[in-house]
Amino acid sequence: MSTNTITKFYPQHPVPNLTLVSPQQHFNAEQLAAITAIDGISMIVSGAGTGKTSCIIGKIKQIKKHHPEARMLLVISFTRKAVDEIRHRLDNEQHVHVVT
């Protein structure tokens with residue numbers, strides 16, 4: 001049974017200090033908390049340049065790593081530019097639907 005908790009991520013500023021998905025990708029403590037909360041619903045809210053897109057990509061990769069049986073992931077963004085960037089970074093990964 002899936003929980004319906006909402007994970008909110010409101011970073012004050014980007015402070016890279018933790019590694020999760022790959023050695024090249026660094027996340028701060030708030031981002032890491034948002035990425036590793038893979039059950040339930042998540043809402044990532046943050047200002048420009050704080051790593052929202054990287055956080056979303058990291059979260060998608062964590063979900064797919066820990067739940068390979070997941071048939072579809074839905075990512076909703078407010079701007080077409082963000083949707084295009086997420087799709088580009090995911091490199092057309094299957095079973096991830098990104099929309100505005």
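Three helices and six strands make up the secondary structure of the protein chain, with helices (H or I, at least four residues) and strands (E, at least two) taken as DSSP runs and numbered from the N terminus. Along the sequence, these elements are arranged as β-β-β-α-β-α-β-α-β. The model is a predicted one, in which local features need pLDDT of at least 70 and side-chain atom pairs count only at pLDDT 80 or more, while totals for chains, interfaces and linings use all residues. Residues are numbered from 1 along each chain as its sequence is written, and side-chain values use heavy atoms, with hydrogens and water left out.

Confidence is given by pLDDT, the predictor's confidence in each residue on a scale from 0 to 100. The average over the protein chain is 75, and 74% of the residues score at least 70. Among the elements, helix α3 has the highest mean pLDDT (90), and strand β2 (residues 18-19) the lowest (41). Two stretches deserve a reader's attention here. Over residues 1-6, pLDDT stays under 50, and the model has nine contacts beyond four places in sequence for them, a contact being heavy atoms within 4.5 Å. Residues 10-20 also stay under 50, with 34 such contacts in the model.

Of the 100 residues in the protein chain, 30% are buried; buried means under 20% relative accessible area, exposed over 50%, and partly exposed in between (1.4 Å probe, protein chains only). The protein chain exposes about 6800 Å², of which carbon and sulfur atoms supply 56%, as computed by the Shrake-Rupley method with a 1.4 Å probe, where for residues only the protein chains shown count as cover. Of the contacts between residues at least 6 apart in sequence, 49% join residues at least 24 apart.

A34 lies in helix α1 (residues 29-36) and counts as buried because its relative accessibility is 3%. Its C-alpha atom is separated by 9.3 Å from that of G58, 24 residues apart along the chain. I86 belongs to helix α3 and is buried, with a relative accessible area of 2%. Leaving aside residues up to four places away in sequence, I86 touches T53, I56, I57, V75 and V98. The C-alpha atoms of I86 and V75, eleven residues apart along the chain, are separated by 9.0 Å.

The largest pocket holds about 1000 Å³ of space. Of its 31 lining residues, S42, I56, L74, V75 and I76 are the closest to its centre. Two or more lining residues come from each of β4 (41-44), α2 (52-66), β5 (73-76) and α3 (80-90), and α2 gives the largest share, six residues. By type, the lining divides into 18 nonpolar, eight polar and five charged residues; Ala, Val, Leu, Ile, Met, Phe, Trp, Tyr, Cys and Pro count as nonpolar, Asp, Glu, Lys and Arg as charged, and the others, Gly among them, as polar. A pocket is an open set of points on a 1 Å grid over the protein atoms alone, where a 1.4 Å probe fits, with protein on both sides within 12 Å along at least five of seven lines, and lining residues have an atom within 4 Å of a point. Grid points are joined across faces, edges and corners, and the volume is the space filled by probe spheres set on the points.
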